[in-house]
Structures are given as structure tokens and as C-alpha cells.
Amino acid sequence: MAAQVFAVDPVELRSYGRRAKTRTEHLRLVAQYLGWRPPSTLELKEFDEFLLARAMEHDSPTLLFRLACEYLISARVIRPGPVIVVKRVAHAREQAQRETFARLAHEFTDVRRAAGRRARCPASGAAWRSPARREGLAL
């Protein structure tokens, strides 16, 4: 059927793609034809800024991953591999956590800090700690 659609001899079609470079090059050409492009350094920086802004609003890694993919689709940028996107989402979440703590640090009096050190999660019983404490930074 594909041979008829593309008006190609079926014997030649069987050997198509045996060379990895052929598939890669054709994929690149099709993406280019459709207006998609690989991300530039500037676009990756903008992507990271977008992720940080969303991470300040949402903490769900799944939601952030989905929003990241939607952002890339809307910009017609070819998505990097999923592991790369997951790493960027994780980095944005860490940055958002630090930024949130930095914005609220002035609210922590000595009494509140002491109470925070003793606070425990009701579900697990684990001690709650600020990002700075987990990283060994002084409050």
C-alpha cells in the first residue's frame, strides 16, 4: 500500500531505513517541512524559565512534564528525550523550592524556626525540614 501511495517499487521500499542515517535525515526533513525545529540554546533557556514559573505554581512533576510538552508543541520545537525533560522539570522544582523558601525566610523568627525543627509530618512521622536545612545551610 505504501509503495502505491509513494509510487515506489515495493522491493526498494523493503530496504528503506536499513541505514539509520536515512531515517534520521528523512525525519529531520519532514519536521523541517512541517515547521518544527530542534531547540536552540535560547529556546532551552526560555523553556527553563517557563518551567520555573510553572513550578512556582504547581508541585506535581507529572503536571509539569505535561505542561512542558504542551509548551514545546505550541512553539513547534522538537521535544528533547523524555529523560532530559524530566531532569529539567526536577531542576525547576528544586529552584522553585529554594525560591519559595527565600521569599518566606524573613517570616521565620527564632521561635518559628525552633517549632519548624520539631515539626513532624502526621502521615509518616518524618521531620519536616526546609530546603536550606536539607542542604546543610544555616537558617
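These are my notebook entries on a predicted model of a protein.

**Ground rules.** I number residues from 1 along each chain as its sequence is written. In this predicted model, local features need pLDDT of at least 70 and side-chain atom pairs count only at pLDDT 80 or more, while totals for chains, interfaces and linings use all residues, and side-chain values use heavy atoms, with hydrogens and water left out.

**Overall make-up.** I found eight helices and zero strands; helices (H or I, at least four residues) and strands (E, at least two) are DSSP runs, numbered from the N terminus. Of the 139 residues in the protein, 17% are buried (under 20% relative accessible area, with exposed over 50% and partly exposed in between, 1.4 Å probe, protein chains only).

**Helix pairs.** I looked up α5 (residues 61-74) and α6 (residues 82-104), which pack at about 120° with axes 10 Å apart. Axes are lines fitted to C-alpha atoms, for helices over the stretch in contact, and angles run from 0 to 180 degrees between N-to-C directions. α5 and α6 are therefore oblique to each other; angles under 35 degrees count as roughly parallel, over 145 as roughly antiparallel, 65 to 115 as roughly perpendicular and the rest as oblique. I then took α4 and α5, which pack at about 140°, with their axes 10 Å apart. That pair is therefore oblique too.

**Leu 34.** I placed Leu 34 in the loop between α3 (20-33) and α4 (41-57). Its relative accessible area is 47%, so Leu 34 counts as partly exposed.
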